[in-house]
Amino acid sequence: MLRTKRHFLLASLLLMVLPVISVNGRPEEAGVSRNPELLEEFGGPGQGEPRERINLNRGWRFFKYGEGEVPDGLIYDERPATGDFRDGQPADARPKEAMARVTSRNVLKPWILPTANPFIGDRARHHVRPEGDPGMDFPFTQVEFDDRSWEMVDLPHDWAIGGPFQEGGNSEVGGGMGRLPVNGVAWYRRKLDIPASDAGKSFYLEIDGAMSYAMVWVNGHLAGGWPYGYASWQLDLTPWLVPGGENQLAIRLDNPNHSSRWYPGAGLYRNVWLTKTQPLRVAPWGAFISTEIVSETAVAIHLDLTIDNNSPSEKKVQPVTRFYFSGTDANRAEAPAALLTMEEIRVAPGRPARIRGSVVLENPRLWGPPPSQLPWLYVAETTLTVDGQPVDRVETRFGIREVTFHPDSGIFINGEKIRIKGVNLHHDLGALGGAFHVRAAERQLEILREMGCNAIRMAHNPPAPELLALTDRMGFLVIDEIFDSWERNKTPHDFHLIFPEWSEADTRAFIRRDRNSPSVIIWSFGNEVGEQYTGEAGAAVARRLQQFIREEDPTRPTILAMNYAKPHMELPEVPDIIGLNYQGEGIRQEPEYEGTDRIRTAPQYEAFHTRHPGKVILSTETASAFSSRGVFLFPVSDLQSAPVRDGRGGDSRSCHVTSYELHAVDFGASPEKVFASLEKHPFVAGEFVWTGWDHLGEPTPYYDARSSYSGIIDLAGFRKERFYLYQSHWRPDLPMAHLLPHWNWPERTGETTPVHLFTSGDEAELFLNGKSLGRKKKGEFEYRLRWDEVVFEAGELKAIAYRKGKPWAEDVLKTTGGAKALKACADRSTIIPDGKDLSFITVEVTDRKGRTVPRSSQTIHFSLRGQGEIVATDNGDPTDMDAFSSHSRKAFNGMALAIVRFREGARKPLTLIVQSPGLKKTRVRISPGATR
């Protein structure tokens, strides 16, 4: 990496930490010729697999303590009382100092902490496991315990998403965490089949995400665990497994209430794996690849490899790595594009060894964001041999790209300036909850791409590994984020409770896992942390975390998302990039906020740019605009950006916000105010909108609801009006026009009903029943066209948009008839019958001409024929408290959603039958297919 005056040359991905044995420092010394004949000597992939990775998602038994039951006493640590915490406090409320805790009973933290040791740099600070086996005498941990009465579940599993929703002001779980039963203690149990032939191997449990305070027992022995629910982690099970014998895995989770500002999910909600290796192996996430452009036609690939030796004796190891082109999918080429043979290295028992090597790759295909570039990928296959025999083999996906950051010009990918048009995403998948489903995440990204989005900020935690695989394949740029809080708390039971002991291990593990992902261009290690308020003390915490990141990956810059810190304060000095949440446009600058104790900030882009001229500025959160899809409230604001109040865009009785898209949270701004601010400050590299999709929990401004209002797309995946506003701005070359509101207003006949138009054109003419209502042109820093004096009359509303005087696009709205039928359409009519792939079926209530009736709310009933299941239903209404598992769903403003899948191995099509009393029913056929 080249770093000069805070300009970063990011030549792709990877690197690592731990003691270093440097080998083959220059590409010419890497033991690799550019002669393709040499590549043929080593052959292609295959030749036996010394490492076995087994998916453990099937066949778990699940038990959760019920309401009123006292759970077992096998606790990780004591937690403080919640004090005066109240659900629904403002999102920008000042975080509080951690409360003192007194441990009054035995806790298991000392047995869990050693799991972190591989991710603690200073061996002198490694944790020592105490004597004894807590929990060995507890029935749930024992091999012989009869768990047949427990529920059978497959992973990923979110125990809370099935509901029921908890309604009312006195509910145990409030709107902030989604009104679902996420809190409590639960156990998962599963048998492990370890054949006698595996004797002498090492066994590692890999958990991609467990919410939260996971503790693992194997055959009654407490093996370890990890408290942070968003972390991916490994556990060495070798000392306790019995090859050829009966082996029992038991995992205890404890998900506290008041631990999150949004819906965290609950359970083993991501994949779980068992990996078998020889005692000598590549360490977990131990292959780190970085690339460096050395000429117009060649790139240097640097491999940093960490090797573990858990055998009792020193081993002499030969690492060989083949690099394959794999295009934009998982199908790699047959012949390697380059080969790296490192020198043999002696690896002592019990201590990781690190080796570095480099090779030159001719005519590389670069990874870059569409549409102007393509996200080409490579795979590195690393084989370790001892005495000529392969003992381990791992594959590492990576991409080759050059990323540069310029404080005045922004971000460049492979020499092309890329304006960041990003969104924030929380981790839940709507009606599917926290349980990760690849297809659901892929659908989210596809719809965002249609809008013009090119970047994702992972708010505010490490994502599922498969989500980064999608962003790699699809070419999205990513800010990868790990913490929402440090030492100071936002909720009484959030991450601050474990920050002192776990922040280093969590940070290093997070970086090691994701540093090979080409889509990740920036590391974020804090969102609106309370340490913004603590001066030098907070900056010291930031420097400590940033040092861990530097040691794990020196190739990417860091960022902190700051909603309070000002340019002159200590904290902004630490990160490489300035991240501003809402501060660029200014926070609460209107007169009505005078005297408030909330944050008030004048626009800050210029101030930060002046104080930190060598740093790129990104708006890590913008807008936080609100709307309920299809809801339109009157009167309509004449302001470009306005807060939500009763009679001013909001209705606290119905808990809905108007879809005229002019309103935002008190500390936020409308999309158009943000667009103007960014255009006036071209040195800002771009924005990440809060948020791309509605998410469960955090339902500002109405905490009686279940889910948020800030998404550009609603919880069911239906586009709000705001989608088209962003599309008109982010895709200026796409001919498009979008009118609002709908045109079904019989009660407003003769009343003023403003009509607005989002278009990528520069002017438009509006017609009502064939009569022109005038042609209007966008002014400077204007992003919509408004006809605010339109008097409603039923019929046809039509807009013709122009660009540079020529017809560009048009849109038509018609007053519909009454509801007569149902129409259904699947996003994909062929899916894989593997029990995992999903089809999302949109249902619309229509009139006799097939037009969607925009204010209809009939109850729709779903049934399925064939070997499959209805996984969930939804409608995007943040106030709907019917369980997602229900097979009946009210239409919300004319629309509803059903999610279906095949049972594994099904061979015949599924038929979803959709019906509602008084409406013509419909059906959708879903066929099984071999591949996606």
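Arg748 lies over the face of Phe634, at 3.7 Å from the ring centre, where a charge is taken to sit over a ring if NZ of Lys or CZ of Arg is within 6 Å of the ring centre and within 35 degrees of the ring normal. The charged end of Arg365 likewise sits over a ring, that of Phe325, 4.5 Å from its centre. The model is a predicted one, in which local features need pLDDT of at least 70 and side-chain atom pairs count only at pLDDT 80 or more, while totals for chains, interfaces and linings use all residues. Residues are numbered from 1 along each chain as its sequence is written, and side-chain values use heavy atoms, with hydrogens and water left out.

Aromatic rings also meet one another. Rings of Phe, Tyr and Trp (its six-membered ring) pair if their centres lie within 6.5 Å, and planes under 30 degrees apart count as stacked, over 60 as edge-to-face and the rest as tilted; by this rule there are 44 aromatic pairs. The rings of Trp60 and Tyr188 have centres 6.4 Å apart and planes at 80°, so this pair is edge-to-face. Trp60 belongs to strand 5 (residues 60–64) and Tyr188 to strand 7 (residues 184–192), so that the pair links distant parts of the chain, 128 residues apart; strands (E, at least two residues) and helices (H or I, at least four) are DSSP runs, numbered from the N terminus. Trp60 counts as buried at 0% relative accessibility, the term meaning under 20% relative accessible area, with exposed over 50% and partly exposed in between (1.4 Å probe, protein chains only), and Tyr188, also with 0%, is buried.

Strand 52 pairs in the antiparallel sense with strand 48 (residues 859–865) over five bridges, pairing requiring at least two DSSP bridges between two strands, and Leu912 in strand 52 stands opposite Leu864. Strand 52 also pairs with strand 53 (residues 922–928), antiparallel and over five bridges, and here Thr911 has Arg925 as its bridge partner. Strands 52 and 53 form a hairpin with six residues between them, and Gly918 in the turn has a positive phi of about 85°.

A separate topic is the open sheet of three strands, ordered 38-39-42 with antiparallel pairing. Its edge strands, each pairing on one side only, are strand 38 (737–740) and strand 42 (785–787). Three bridges join strand 39 (residues 755–759) to strand 42, and His756 stands opposite Arg786 in strand 42.
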